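My entries follow in the order in which I looked.

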Amino acid sequence: PGGPAPDARARLVESARAFVDTVAAQVTWRDELRRLRAELAAHANPVTRVRLIDAFVRKAAADSREVAAALAQLRRDATTAAPRLDDASFIELIRRAFMGETP
């Protein structure tokens, strides 16, 4: 209860993957993305993961208009697909997309 409907969730997952693909397409962020994935894999603490993802996303979006636009689209999709999605669930969705995991 409270989560998105299956079709809405699928659209949201696709949007998260598109965001990660946009980041990965940026030459300057490829190595950083690999580093982030290694750090996320090394840390089980959800607070640490949130901090890592938040810092990465903020830096990448500030550095690249394409990444900023993809992030804005992901936020719009999240608001539309799952208006009651909490921040922790949103970050977990992004983490899974970064790690290539199926939500």
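In what order do the elements of the protein run from the N terminus on? I read α-α-α-α-α, with helices (H or I, at least four residues) and strands (E, at least two) taken as DSSP runs numbered from the N terminus. The count is five helices and zero strands.

**Entry: basis.** The model is predicted, so I note that local features need pLDDT of at least 70, that side-chain atom pairs count only at pLDDT 80 or more, and that totals for chains, interfaces and linings use all residues. Residues are numbered from 1 along each chain as its sequence is written, and side-chain values use heavy atoms, with hydrogens and water left out.

**Entry: overall dimensions.** The C-alpha trace spans about 35 × 30 × 20 Å along its principal axes. Taking contact as heavy atoms within 4.5 Å, I find that residues 24 or more positions apart supply 68% of the contacts with a separation of 6 or more.

**Entry: surface and charge.** The protein exposes about 6,300 Å², and carbon and sulfur atoms supply 52% of it; the areas come from the Shrake-Rupley method with a 1.4 Å probe. I count Lys and Arg as positive and Asp and Glu as negative, leaving out His and the chain ends. There are 17 positive and 14 negative side chains, and the centres of the two sets lie 1 Å apart, with each charge placed at NZ of Lys, CZ of Arg, CG of Asp or CD of Glu.

Entry: I use buried for under 20% relative accessible area, exposed for over 50% and partly exposed for in between (1.4 Å probe, protein chains only). Buried residues make up 35% of the 103 residues. A nonpolar core is a set of buried Ala, Val, Leu, Ile, Met, Phe, Trp, Tyr and Cys residues joined through side-chain atoms within 4.5 Å. The largest one has 30 residues, and F19, F56 and F98 have the most contacts inside it. The elements giving two or more residues to this core are α1 (6-25), α2 (27-42), α3 (46-63), α4 (65-81) and α5 (87-99). The largest share, seven residues, comes from α1.

Which residues does F56 contact, leaving aside its neighbours within four places in sequence? I list V23, W29, E32, L33, L36 and F98.

Entry: L33 sits in helix α2 and counts as buried because its relative accessibility is 2%. Beyond four places in sequence, L33 is in contact with V20, V23, A24, F56 and F98. R9 lies in helix α1 and, at 33% relative accessibility, counts as partly exposed. R9 and L33 are 24 residues apart in sequence and 24 Å apart in space, C-alpha to C-alpha.

**Entry: R30.** R30 is in helix α2 and is partly exposed at 36% relative accessibility. Neighbours within four places aside, R30 is in contact with A24 and A25. From R30 to A81, 51 residues apart in sequence, I read 29 Å, C-alpha to C-alpha.

**Entry: M99.** M99 belongs to helix α5 and is partly exposed at 26% relative accessibility. M99 touches R37, L40 and A41, not counting residues up to four places away in sequence.
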